[in-house]
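Open your viewer, get the sequence panel ready, and follow along from stop to stop.

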Amino acid sequence: MTEVIDGDAVAERIRADLRDGIETLADEGVEVGLATVLMSDDPASETYVSMKQRDCEEVGIEGIHVELDPEAPEEELLETVADLNDDPEVHGILVQMPVPDHVDERRVLRAIDPEKDVDGFHPENVGRLVAGHPRYRPCTPHGVQKLLESAGVETEGADVTVVGRSNIVGKPLANLLVQKARDGNATVTVCHSRTDDLAAKTRQADVVVAACGVPELVDGSMLSEGTTVVDVGVNRVDADNEKGYELVGDVDFESAKEKASAITPVPGGVGPMTRAMLLYNAVKAAGRQEGVAVDLP
Ligand SMILES: Nc1nc(=O)c2c([nH]1)NC[C@@H]1CN(c3ccc(C(=O)N[C@@H](CCC(=O)O)C(=O)O)cc3)C=[N+]21
């Protein structure tokens, strides 16, 4: 039988375990503060940010939400980031991506205090990760690692094929998985839109991670029997329902499930884990900045 990995349940457990750290900090008079900055009127971005705020409320983290007019000048976003950097009650800062075209994304990421960079996107934190001593693991890759661990999938010695080379998922995940670590030691193949014979690379894998943003690109015909399949895709496609859309992964779930030994669904797989690991980074950030030792799950 194929195991459908329940991301909502694993995320729930991580949130419950984070409460210990949040209480330890509270005992020291510290309330964890996590700021989200939204400069977009894209409905998907709005949904994600409001979900993150709800998560904060659930675990007892102070969520600070800043919304900027998508037409505002870049300077306004940089000033907002500078104010949050200076605010001692803010331990973590997330600027929701993508930012509008007239805003230089790299400039914004560089402006965030690396100690408060709970996305792990600042070049200093990227460098630390690649060098093997991450400060904050990017939320989605970390969530994927936790999901594999919870499903009892060993990465040590495993052949992992990552489809996608983005800065927020493919590249950091590939780096984490090759590292000399209990949740690393994998042999990683990174594929992308120019990869020759993608199916050959996915068929040779023990674990396939689809993170390319192409709806249902990876299907059962591209998988060997017994593969673990992790679907990072969250594509909104038009649908005839009350929402007007449907969430579709980068994996064709039905055909992939026929081959997989374990598979993550969309929704309810990696998405909730990304949000849980953001809370994890916020608690870690607060502990570091306040000099309080916190146990993390
Ligand atoms: N600075 C920054 N950091 C991010 O981490 C970041 C970002 N920008 N921009 C956009 C992407 C996307 N992302 C998701 C997080 C959770 C779900 C999630 O919880 N999805 C639910 C369903 C959501 C729904 O119903 O629409 C699920 O898969 O079950 C999805 C997508 C974080 N991102």
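One term before we start: two residues are in contact if their C-beta atoms, placed from the backbone, lie within 7 Å. This is a predicted model, so local features need pLDDT of at least 70 and side-chain atom pairs count only at pLDDT 80 or more, while totals for chains, interfaces and linings use all residues. Residues are numbered from 1 along each chain as its sequence is written.

**Stop 1: the two domains**

Colour residues 29-131 as domain 1 and 139-272 as domain 2; these bounds come from an automatic or database domain assignment. Their centres, taken over C-alpha atoms, are 26 Å apart.

**Stop 2: Cys 56**

Select residues 43-59, which form helix H2, and pick out Cys 56 there. Helices (H or I, at least four residues) and strands (E, at least two) are DSSP runs, numbered from the N terminus. Is Cys 56 buried or exposed? Cys 56 is buried, because 23 other C-beta atoms lie within 10 Å. The cut-offs are 20 or more other C-beta atoms within 10 Å of a residue's own for buried, 12 or fewer for exposed, and anything in between for partly exposed, with C-beta atoms placed from the backbone. Not counting residues up to four places away in sequence, Cys 56 touches Leu 34, Ile 61, Glu 62 and Gly 63.

**Stop 3: the sheet**

Now show the strands. Six of them make an open sheet with parallel pairing, in the order S1-S11-S8-S7-S5-S6; two strands pair if DSSP finds at least two bridges between them. S1 (3-4) and S6 (187-191) are the edges, each pairing on one side only.

Zoom in on S8, residues 228-231: Thr 228 and Val 230 point one way, Val 229 and Asp 231 the other, and all are buried. S8 pairs with S7 (residues 207-210) over four bridges, and two bridges join S8 to S11. Val 229 is a handy one to click: its bridge partners are Val 208 and, in S11, Ile 263.

**Stop 4: positions marked in UniProt**

An unreviewed UniProt entry places the feature "binding site" at Gly 164, Arg 165, Ser 166 and Val 234. UniProt positions are given in the numbering used here, feature names are shortened, and annotations may be inferred rather than shown by experiment.

Look for Gly 164 in the loop between strand S5 (159-163) and helix H7 (170-178). Gly 164 is buried, since 24 other C-beta atoms lie within 10 Å. Leaving aside neighbours within four places in sequence, Gly 164 is in contact with Val 169, Gly 170, His 192, Ala 211 and Cys 212.

Val 234 is in the loop between S8 and strand S9 (235-238). With 19 C-beta neighbours inside 10 Å, Val 234 counts as partly exposed.
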